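Subject: Structure for you to look over

Hello,

Please find the structure below, with the sequence alongside. My notes on what turned up follow.

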Amino acid sequence: MHKTLIILTVFIFNALSISPALANSMPLLAPKALFHPVISDSGMVVSQDMLASQVGAEILARGGNAVDAAVATGFALAVTLPRAGNLGGGGFMMVYLAESKKTIAIDYRELAPAEAFKDMFLDAEGDVDNTKARFSIFSSGVPGTVAGLVQAQQNYGKLSLKQVMQPAINLARNGFQISPDMADSLRSRQERLQKHAATKKYFYKNNGSAYQHRDVLVQKDLAKTLTRIQTTAGADFYSGKTAELIVKQMQRSGGLISMQDLANYKVVERAPLCGEFRQHKICAMPPPSSGGVHLLQMLNILEGWNLTLLGHNSAAYIHRLVESMRRAYADRSLYLGDPDFFPVPVTQLTDKRYAKTLRDNIDLTAASRSADIQPGLSDSERPISSIAQPVESTETTHFSTWDRWGNVVSNTYTLNFSYGSGIAVDGAGFLLNNEMDDFSSKPGFPNGYGLIGGIANGIHPNKRPLSSMTPTIMFNADGEPVLATGTPGGSTIITIVMQIILNLLEFDMGIAEATAASRVHHQWLPDNIYYEPGLSTDSKALLQKMGHIINDSSGRLGATQSIYKAFDGRLHGAPDSRRQGAGAVAQESRQ
Ligand code: DON
């Protein structure tokens, strides 16, 4: 909501102590906004796929809470968005429970199989074999999605698992019309995906040709798998027929995931990582995601400047963003990994005093070189020395749900790349992830997102690969949740979520405008500013003059799916128009 309106509203509400009649007489939309959200006075679901959002909204209308809606949406996306929605991947779910005012971070990230080992992706010369790490039977971690969604529903949902899973089963069994986006996506990956017999069978026509827009995709094996999950509360996936099908698929080409690995999979409910940015509290995912740590670290650095005065996407503003990002991602490379295996210095990295030392080192007139920036923290604060390792050198999806009682879910889950490893489980109808590439296969060697890592994120049996996924819930000064957001985008996820927050808080944008605004990204290495169309030529020229390197070939950054609670208490849903097919669906109001 725009500042003038906010100030006016605060004044009126304070003077008259909020009356519903008054709230109803306020304009619903910001009069000068170029982009508008979907508005709801009950519940809301926003996801990358309109059909899945409709499923979630229908569950809300039937009395389900935000967790029921999220789980229903998650299973529906596993059917309607096979490039990222999944049963064979993993993710993170942030849940805010209104009654207890508690926020929970549910970690259902994949695990390395027990037989995984440190150098498993190195070839005879000691170089990383990227094909083995990304597109082979060895690329998959033990999937966590089914355990995560089922556990969330059983612990925090109101309806039955049967009710929330039925819409996904119906979509798989009866089919749905292919969207333009899905038709393009399957066509463009035809060569890679058709290498695998089961994948070809499930996602292409009998004659091998690609589905067209409006063709109907029926997924009978997937419907059966979902039904088995529904009737066994997930047990089938980890120790029943589905588990056997996964292991059979492994054995066909020597893969490592065993029945024991599946039986051992555990979801972890973690304390969320929360910090303050000016008047707001921001809660995001702790390790094994790097998202929460670096979101807070960058916001801590940026808090020391008046960003509003600099102007949105001015060169001076982007310079400060980029220098903060550069330093955060340098730290990520050394200190971040699965906290069960490495002592991640979370407190030190998110300390405001540490942010001040980083900020004080930023020259406001000239770019620093990434080669000159090394991971920070003083000797006594660091769990590892940078000398210990040599330094050298995309599909996920987010959805947000909010119910009429004020419960909120912010969920990001993934197969890693589009369609993961590209290998579907024959007989089970779903794709396996290639999350093992999120580990650092070799210190200093970049993964699929150009991210560098080392010992902290090395491969180890039963370890979770480091993630950048950043499902986030933000709270106002009164402790009320006001935002659920998140995005795909690999390494760019953290900086995108941060820009949504800054657009709302520093630049007075509504959530639809905050979503549409052009984004920038920097990740230390490579030393490049990535930017989207719409960034002004003047800003670019000024940044170059300051010594920044600007990558002209970058495309779109992410696809956020956000819900914002406006000042009048209504929910504003903002799907991201960067990728076709996303949808915000209000529980019952007319759009
Ligand atoms: O967990 C991670 O950070 C990555 N596997 C996410 C991958 C991703 O976002 C791809 N989407 N465009």
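I begin with a pair of helices: H4 passes H11 in a right-handed crossing. Keep in mind that this is a predicted model.

Helix H4 covers residues 66-80 and helix H11 covers residues 220-232; their axes lie 11 Å apart and the packing angle is about 160°. Angles over 145 degrees count as roughly antiparallel, and H4 and H11 are therefore roughly antiparallel to each other.

Next, the backbone. Where are the cis peptide bonds that I noted? One runs from Pro-287 to Pro-288, with omega near 20°. Pro-288 sits in the loop that links strand E9 (280-284) with helix H15 (291-302). Another cis peptide bond runs from Leu-525 to Pro-526, and here omega is near -5°. The loop that holds Pro-526 lies between strand E14 (520-521) and strand E15 (529-531).

Lys-101 is not a glycine, yet its phi is positive, at about 55°. Its loop runs between strand E3 (90-97) and strand E4 (102-108). Tyr-419 is not a glycine either, and has a positive phi of about 65°. Tyr-419 belongs to the loop between strand E11 (408-414) and strand E12 (472-475).

Are these two buried or exposed? The cut-offs are under 20% relative accessible area for buried and over 50% for exposed. Lys-101 has a relative accessible area of 57%, so it is exposed. For Tyr-419 the value is 1%, so that residue is buried.

How much space lies in the largest cavity? The figure is about 220 Å³. Its lining is made up of 27 residues, and those nearest the centre of the cavity are Asp-438, Asn-447, Tyr-449, Leu-451 and Leu-466. Sorted by class, the lining residues of this cavity are 10 nonpolar, 12 polar and five charged.

Regards

Note on methods. Residues are numbered from 1 along each chain as its sequence is written. This is a predicted model: local features need pLDDT of at least 70, side-chain atom pairs count only at pLDDT 80 or more; totals for chains, interfaces and linings use all residues. Side-chain values use heavy atoms; hydrogens and water are left out. On a 1 Å grid over the protein atoms alone, a cavity is a set of points where a 1.4 Å probe fits but cannot get out, and a pocket is an open set with protein on both sides within 12 Å along at least five of seven lines; lining residues have an atom within 4 Å of a point. Grid points are joined across faces, edges and corners, and a volume is the space filled by probe spheres set on the points. Ala, Val, Leu, Ile, Met, Phe, Trp, Tyr, Cys and Pro count as nonpolar, Asp, Glu, Lys and Arg as charged, and the others, Gly among them, as polar. Helices (H or I, at least four residues) and strands (E, at least two) are DSSP runs, numbered from the N terminus. Buried means under 20% relative accessible area, exposed over 50%, partly exposed in between (1.4 Å probe, protein chains only). Axes are lines fitted to C-alpha atoms, for helices over the stretch in contact, and angles run from 0 to 180 degrees between N-to-C directions. Angles under 35 degrees count as roughly parallel, over 145 as roughly antiparallel, 65 to 115 as roughly perpendicular and the rest as oblique. A crossing is left-handed if the near helix is turned anticlockwise from the far one by less than a right angle, and right-handed if clockwise.
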